[in-house]
Structure formats: C-alpha cells, structure tokens
Amino acid sequence: MSDDDRLLADLRRMWQVADPPPPGLGAAMVATVAAADLDEEWELLVLVRDSAGEDLAAVRGLGTARMLSFSAAAGWSLEAEIDGEQFSGQVLDLGDDQDPTDVVVAVETRAGESWSTPLDEFGFFSLVAHARGTLRFTVRFGGVVASSHWVEV
C-alpha cells in the first residue's frame, strides 16, 4: 500500500466515523442527477428489425451491410445501415412541423465514443464511425432525445 493509499484510507475512515453521510444521501444524489435534464423528453427507440438474424439476399446488393430498423412510440422511425465503418440511414415520419435539418443522429459506444451528424433536408444521414462492439443510436430534436437499446455489432 502506497503512502497515497494509506492517506486516502485514513481520510475515508475519518469521514465515516467523524461525519458519516446522512441516511439516504446516495439515493438522493442518484435521483437528483437523473432528474437534472427533465426539460428534455426521453424516448426509447425499439428495434423492430435486424438483418443479422435474416438469411442473406440471393441477389447482388446489400449482402454485406447490416440493416437495423427502430421505431419510436411517437410514430417516427429510424432506418440504419451499417457497412464497415459507414453508417447511413434515414429518419422517417417526423411531424410536419419538424425540420429534418434540426435533427441529429449519433452513433455511440459503451466506451463513451460518439459520432454524430445532422439529417439532410430529406431526412437522410451518413457518417463514418470507428464503432465496433456494442453501440446504440441516439436521435435528438426539439427537446426530444431518443436512444436505442445497445446493439452488438
């Protein structure tokens, strides 16, 4: 044990004995942090199709690309294609009052890496991401943040 480790252990013991945290402090801190961004509406993107579990197409085309389709409870959806490091797709059925160019799609990894891009005027996106392993898609617009479950790629 180093001198720093002994010092930290002594400090930890002192705070636990001399001034212990009040009961429920940990739970209250978790609730406070969780409620910090309540002005944003959170939504879950539900995976409704994953081409990884389907037979390969018998014709030329997207045989190497993985297709994922997500739907949101609000009625819009995200279609995503992963082909190596190329991520592309489209957000469909946003409200008529929603400008697609104000929508941002992100690919995020559990390691905290993130790549994002705005949609074009037709709702399409394309980005290069060095994302492998477990990742998810997050769509942000007008105070809405919608994330998918983690997907193994």
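**Exercise 1. How many salt bridges does the count come to, by the rule that a side-chain nitrogen of Lys or Arg lies within 4 Å of a carboxyl oxygen of Asp or Glu?**

Solution. The count comes to four salt bridges. Keep in mind that this is a predicted model: local features need pLDDT of at least 70, side-chain atom pairs count only at pLDDT 80 or more, and totals for chains, interfaces and linings use all residues. Residues are numbered from 1 along each chain as its sequence is written, and side-chain values use heavy atoms, with hydrogens and water left out.

**Exercise 2. Find which residue pairs with Arg6, and where both lie.**

Solution.
Step 1: Arg6 meets Asp3 in a salt bridge, at 2.6 Å from N to O.
Step 2: Both sit in helix α1, three residues apart, about one turn of the helix. Helices here are DSSP runs of H or I with at least four residues, strands are runs of E with at least two, and both are numbered from the N terminus.
Step 3: Let's check the surroundings. Asp3 is exposed, at 57% relative accessible area, while Arg6 is partly exposed at 39%. (Buried is under 20%, exposed over 50%, partly exposed in between, with a 1.4 Å probe and protein chains only.)

**Exercise 3. Is Arg66 buried or exposed, and which residue is its salt-bridge partner?**

Solution.
Step 1: The partner of Arg66 is Asp50, with the closest N and O atoms 2.5 Å apart.
Step 2: This pair links distant parts of the chain, since Arg66 belongs to strand β2 (residues 66-71) and Asp50 to strand β1 (residues 41-50), 16 residues apart.
Step 3: Arg66 has 17% relative accessibility, so Arg66 counts as buried.
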